[in-house]
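Hi there,

Here is the structure I promised to pass on to you.

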Amino acid sequence: MRRGLHPVVMIGLVIAAALFGRVLPTWTLSLATVAASNALIALGIVVLARTGNVSFGQGLFFAAGGYGVALIANSSGITDAVLQVLIGAICGGLLGLVIGPLIARYTGIFFGMLTLALSMVLYGALLKTSALGGSDGFNVGRPSLFGMVFTDTREADFMLYAVSVVTTGLAGIAATILFRSELGLASLAVRENNLRVEYLGLSANRIVTINFVIAAVFAGASGAFALMAQRHIDPQFAYWTTSGEFVFVAVLAGYQSVAAVFVASMALELVRSFSNLYLPNTWQLVLGVFLLSVILFLPRGIGSLWIRDRHRKNDPPRTAITDGAAP
Amino acid sequence: MNLLLTIIVDGLIEASWLFIVALGLTLVFGVLKILNIAHGSFYALGAYVAATIVTLATAKGLPPALGFVAMLLAAAFVASVVGLMLERGLLKMFYGRDEVVLLLVTYAVFLLLEDLTKLIWGVNPIYATQPYDLFGNVSFGKLYYVGYDLVLIPIAILSGVAVWFGLNRTVTGKIVSAVIHDEEMSASMGVKVKRVYAFAFAFGVLLAAFAGALTAPKISVQPGLSSDVIILSFAIVVIGGLGSVEGAAVGAILVGLARAACVHLLPQAELFTIYLIMAAVLMFRPEGLFQRETARRI
């Protein structure tokens, strides 16, 4: 990744992307907000996938962030969008800190299953907790920003768009720095062979845990965005098909590039809204075909379209975003 | 006392059809090393086909018993054909990829089948309750049970024994075990591995559809069935150990009893408990209760 952009240039790009929302039509604005929010959580999955583990239960942290923000907003009246994102990230991160060390021992399919099981535990619990609205969930108020209250929907949509794009952009920059760092490279080594990493004197569990917590923080923040965009929360946040969709974005993106995650997330949202428009009853069908084609024809994700050559020299051909840690 | 008996009988009824679904899932994983998310869709497919056949049979005035047999056969047939087409037409393109990638492939298949069933059968629930009265009612002391529910238990036991016998006591079973153990070696010994794969996948699908057909008279057949069932059968096979027949049986009984106990004692905790058991088993025995640990290459 030596030829990557300088962080300052990237910050410039993020601000440009946020301001670009001024000229976008309203329907694209909410679409882009969802895409940015999904990109954030998928980015977490990609961060984690670099250690060879795919989480099928990011819905756990997504829901933790969403419910945490919603409960705090309703009880203490915090409506500031930036604060809400922070609260979401903290909720996700705290839960990640509890679960991460327990789960770091597992690899491959067991890791996936365990994360899925934990998210379903939360789903099952939320479904039957009548204090939290049970399966119907509950509503929250419209977010504000730095004391400004937005009554115009267009302005409110733009505010949310700007906050989500900036947050996701900053997370993307952080991830890029992480990927180039010692920890990021060690994560790739864990994916190759976790036992050898241990022999070299690094703790593979620790590396997985740190990446796991980062993914949980991203997922929690993403949950906060989903809450602000829908102004409603229900247990579906933690359901396994929700988590499946995030893995979908991550697979679409591949693990090599941060930019690919944004492109993939946007592509998915576009496919979704267009198939909603033209093929209203078959969007899952479209999604399935889309996923199969990507796995078949772009096994390394969308990212491989533009960074194929750089990796060919020093990276043996891999088959997927993870390509199992265990040989 | 009565409550305990109710929980046990309800639990076993629940366990019986869950076991048949999980058996197919665990078999497919054992042979093909695919954790098939689309397995629940085949269960739903079986239920839909069964419901259609029952409705047809009733409209034609066939005796319910005949309709019952017809629905089981039709569901098994349709599903195995679809399963075979899927394995030969799609899954084989992805063999050799990582387990997690195969999981995603089956997730895509799940999405496809979900919409296809909606396109064919619509989104409204379908009822096929006629065969449910076939076996009358049975009473245990003060408890009354629908005979149909109780018949599920011997059917499940028979299926389990048949699969166990087939795997452990027949030549075909030995060949399948050889492929499970070492695919490359069996291929060099002249085993047609591709054929074993196709057969095992189709058979796993058949089991799922069979269970779907069996339960169709008990439930309202509607979209969403597949994701509920797959999530339960996942828990079962993970608890028992992926790829193990005995494990699937123990897992199914555990999950069935846990569900029944929760329904009677603490209805809020149903899904929660099952997944808590699954998480606990994974924490302490990640390979599942009935799976030997395997050495790994460094």
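Below are my notes, going from the whole model to the chains, the contact between them and a few single residues.

First, please keep in mind that this is a predicted model. Its scores are ipTM 0.79 and pTM 0.82. For chain B the average pLDDT is 83, and 95% of the residues score at least 70. Within chain B, the element with the lowest mean pLDDT is strand β1 (residues 137–140), at 73, while helix α8 (residues 193–215) has the highest, at 89.

Chain A has 13 helices and 2 strands, and 53% of its 327 residues count as buried. If you take the contacts in chain A between residues at least 6 apart in sequence, 81% of them join residues at least 24 apart.

Chain B has 11 helices and 2 strands. Along the sequence, the order of its elements is α-α-α-α-β-β-α-α-α-α-α-α-α. The radius of gyration of chain B is 19 Å, close to the 19 Å that the globule rule gives for 298 residues, so chain B is as compact as a globular protein of that length. Along the principal axes, its C-alpha atoms fill a box of roughly 60 × 45 × 35 Å. Of the 298 residues in chain B, 51% count as buried. For contacts in chain B between residues at least 6 apart in sequence, the share that joins residues at least 24 apart is 77%.

**Where the chains meet**

The contact between the chains draws on 41 residues from chain A and 39 residues from chain B. On the chain A side, α5 (108–127), α10 (240–253) and α12 (283–297) each supply at least two residues. Which of them gives the most to that side? That is α5(A), with 14 residues. By type, the residues on the chain A side divide into 27 nonpolar, 12 polar and 2 charged.

**One helix in chain A**

Helix α7 of chain A (residues 182–192) has these buried residues: Ala186(A), Ser187(A), Val190(A) and Arg191(A). They lie on the same side of α7(A), because they cover an arc of only 155 degrees around the axis. The elements that cover these buried residues include α8 (194–199) and α9 (204–230) of chain A.

**The nonpolar core**

The largest nonpolar core holds 223 residues, and Ala75(B) and Ala209(B) touch the most other members. The element that gives the most to this core is α9(A), with 18 residues. Leaving out residues up to four places away in sequence, Ala75(B) touches Gly46(B), Val49(B), Ala50(B), Ala209(B), Phe210(B), Gly212(B) and Ala213(B). For background, nonpolar side chains in soluble globular proteins tend to be buried together.

Ile20(B) sits in helix α1 (residues 2–32) of chain B.

Ala22(B) counts as buried because it has 32 C-beta neighbours inside 10 Å. Again not counting residues up to four places away in sequence, Ala22(B) touches Ser233(B), Ile236(B), Val237(B), Ala248(B), Gly251(B) and Ala252(B). Between Ala22(B) and Val245(B) there are 8.9 Å in space, C-alpha to C-alpha, and the two are 223 residues apart in sequence.

Finally, Lys33(B) lies in the loop between α1 and α2 (39–60) of chain B. Phi of Lys33(B) is near 60 degrees, a positive value in a residue other than glycine. Most residues other than glycine have a negative phi. Is Lys33(B) buried or partly exposed? Lys33(B) is partly exposed, with 15 other C-beta atoms within 10 Å.

Conventions: Residues are numbered from 1 along each chain as its sequence is written. Chains are lettered from A and ligands numbered from 1 in the order in which they are written. This is a predicted model: local features need pLDDT of at least 70, side-chain atom pairs count only at pLDDT 80 or more; totals for chains, interfaces and linings use all residues. Two residues are in contact if their C-beta atoms, placed from the backbone, lie within 7 Å. Helices (H or I, at least four residues) and strands (E, at least two) are DSSP runs, numbered from the N terminus. Ala, Val, Leu, Ile, Met, Phe, Trp, Tyr, Cys and Pro count as nonpolar, Asp, Glu, Lys and Arg as charged, and the others, Gly among them, as polar. A residue is buried if 20 or more other C-beta atoms lie within 10 Å of its own, exposed if 12 or fewer, and partly exposed in between; C-beta atoms are placed from the backbone. The arc is that of the directions from the helix axis to the C-beta atoms. A nonpolar core is a set of buried Ala, Val, Leu, Ile, Met, Phe, Trp, Tyr and Cys residues joined through C-beta atoms within 7 Å. The radius of gyration is taken over C-alpha atoms; the globule rule is 2.2 Å times the number of residues to the power 0.38. pLDDT is the predictor's confidence in each residue, from 0 to 100.
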